[in-house]
Amino acid sequence: MQEQVNKPIFVVGSPRSGTSILTWCLGQHPNMFPVPESSWMGDFAVSIAIGYQIGAARGNRSILSGMDIRENELFAAVGESINELILRHRKDLERKRKEKRGPYPEASGVASATSEAKRRWVDGTPEYSFHICGLRKLFPNALFVHVFRDVTSVVRSMLLFPRVSGQSLVANQEEAYRYWVRTVSNCLLAERACGPRIVFRLRHSDLIDTPEATLRSLFNFLGEPYAPECLEPLVQRINSSNVPADFKIDDRQTNRRLVDQAAELCQQVEETPQPLDASAEAVEEIEAAFDERVHFFATLASNYSKARQKIAALEDKSANITAWAERLAKEPKGGKSIIEHFRARWQRSKGTYSPLKALHKYFGRSGNSTS
C-alpha cells in the first residue's frame with residue numbers, strides 16, 4: 001500500500017448529487033478514510049501559481065527560476081506536504097468523530113472504519129468540480145469520481161435543502177439550474193481532458209439501483225480491492241433533503257432557455273458514455289480556464305486600485321461641475337452672459353457646436369470665473 005500514500009480521491013459533481021454518501025461509502029474501505037469537505041485547496045492552487053510567477057519573475061535573479069525549480073515541482077512539493085499533514089492527523093479526526101464532534105454525527109456509526117493501513121483520503125467537496133485542473137497540479141496522482149445525477153432530482157433537492165441544514169444552497173430555482181449546468185459542464189470537461197484513467201463517471205441511479213456492481217467497478221478504477229462494508233452507509237440516508245414524492249418543480253418562472261439547456265445536457269450525459277481517450281483540445285481548454293483564474297486573482301489588487309483612481313477622478317470632476325453650477329446659479333448676470341456666449345458660438349457653427357460639451361469643458365476648467 002505504500003506506493004499509494006499520495007493518491008487522494010476527490011468526489012466531485014453538482015451539490016445534492018450524492019457526493020456525501022459516496023464519500024462515506026469509500027470511507028469504510030480498509031485503505032481509505034473520508035475527510036470533511038475542505039473547500040480551500042482549489043483556491044490555494046491558484047495562489048501557488050501566482051506565487052510561482054512572482055518567484056520566477058526576475059529570471060536567474062529570482063530564487064525559483066535561479067535554482068531551476070519548475071512550477072510543477074513546486075505544486076507537487078506543496079501537495080506532498082498537504083497529504084502528509086492529512087495522514088498524520090487522521091487519528092485526531094477519528095477521535096472527534098467518535099465524540100460526535102465531526103461532520104454528520106448522526107452517522108458516526110458508519111463514519112470510517114478504523115485501520116492502521118489507511119493511507120488514502122477521500123474529499124467530497126462538490127465545489128472542486130471547478131478546480132480539478134489545480135488539484136491535479138497539487139496531487140499529480142489524484143483520482144476523481146464524477147457523481148452524476150439527473151437535473152430534476154438535483155433541483156428538487158436543492159430547493160428543499162434548507163429543511164435539513166437551515167441554510168440555502170441557492171437563492172431560487174433558476175440559480176439551482178444554473179449551478180447544476182456549471183458543475184456538470186466542468187466535470188464533463190475534466191472527463192475529456194483527463195481521460196477515464198483519471199476521472200470516473202458514476203451515475204447516482206446506478207449507486208442506488210445496483211450498489212455492489214457499481215462499487216466494484218469504482219474500486220477497479222481506484223486500484224483497490226472491493227470491500228463489502230462500503231455498502232453499509234447506503235442503508236442510512238445521510239444529509240438527505242427528504243424530498244416528498246409529490247413535490248414538483250414549477251418552471252414557469254424560470255428562464256426557459258436555461259431549463260432547456262439543462263434538460264438537453266442531462267439527456268446527453270444519460271445517453272452518451274464517457275470518452276475513452278483524453279482530448280488535447282480539452283486539455284488546452286481546462287488549462288486556459290485555470291490560467292484565466294490565476295490572471296484574474298493576480299491582477300485583482302492592481303485592477304481594484306486603478307478602478308478606485310478612476311472613481312476618485314470622476315468624483316473630483318463631478319464636484320467641480322457641481323461647484324461651477326452653484327456659482328453660476330448665484331451670479332445670474334454672469335451666467336446669462338456665458339449662456340449667450342455659447343448660444344452665439346452655436347449659431348456661428350451652424351449646428352456643429354455642442355453647447356452641452358462646451359459647458360462640461362468650461363466647468364471642467366479650474367480657476368475660471370463666471371463673472
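A residue is called buried when its relative accessible area is under 20%, exposed when it is over 50%, and partly exposed in between, using a 1.4 Å probe and protein chains only. At 0% relative accessibility, C25 counts as buried. C133 is buried too, with a relative accessible area of 10%.

The structure here is a predicted model, in which local features need pLDDT of at least 70, side-chain atom pairs count only at pLDDT 80 or more, and totals for chains, interfaces and linings use all residues. Residues are numbered from 1 along each chain as its sequence is written, and side-chain values use heavy atoms, with hydrogens and water left out.

The cysteines come next. A disulfide is a covalent bond between the sulfur atoms of two cysteines. Here it is counted when a pair of cysteine sulfur atoms lies within 2.5 Å. How many disulfides does the structure hold? The number is 0. C25 is in no disulfide, and its nearest cysteine sulfur, that of C230, is 7.0 Å away. C133 is also in no disulfide; for this residue the nearest cysteine sulfur belongs to C194, at 7.8 Å.

The buried residues are V151, S153, V154, V155, R156, S157, M158 and L160. R156, found in helix α7, has a relative accessible area of 16% and is therefore buried. The C-alpha atom of R156 is separated by 9.2 Å from that of R16, although these residues are 140 apart along the chain.

Helix α11 can be described by its length and by its sides. It has 12 residues and reaches 16 Å from its first C-alpha to its last, close to the 16 Å expected at 1.5 Å a residue; the expected span is 1.5 Å times one less than the number of residues. Its buried residues are T214, L215, L218, F219, F221 and L222. Seen down the axis of α11, these buried residues fall within an arc of 150 degrees, so they line one face of the helix. The arc is that of the directions from the helix axis to the C-beta atoms. Turned away from the buried side is a face that carries the exposed residues A213 and N220. After α11 comes G223, whose phi is positive, near 75 degrees.

Positive phi values also occur at residues other than glycine. S39 has a phi near 70 degrees and lies in the loop between β2 (32-35) and α2 (41-55). At 43% relative accessibility, S39 counts as partly exposed. D68, which is not a glycine either, has a positive phi of about 55 degrees. This residue lies in the loop between α3 (63-66) and α4 (71-88), and at 62% relative accessibility D68 counts as exposed.

Charged side chains are the next topic. Side chains of opposite charge can pair when their charged atoms come close. A salt bridge is counted when a side-chain nitrogen of Lys or Arg is within 4 Å of a carboxyl oxygen of Asp or Glu. By this rule the count comes to 11 salt bridges. One of them joins R120 and E224, at 3.0 Å from N to O. R120 lies in strand β3 (residues 120-123) and E224 in the loop between α11 (211-222) and α12 (256-271), so the pair ties together parts that are 104 residues apart in sequence. Both R120 and E224 are buried.

Another salt bridge links D260 and R256, with the closest N and O atoms 3.1 Å apart. These two residues are 4 apart in helix α12, which means they are separated by about one helical turn. D260 is partly exposed, with a relative accessible area of 40%, and R256 is partly exposed at 46%. R70 and E73 also meet in a salt bridge, at 3.4 Å from N to O. Here R70 is exposed, with a relative accessible area of 51%, while E73 is partly exposed at 37%.
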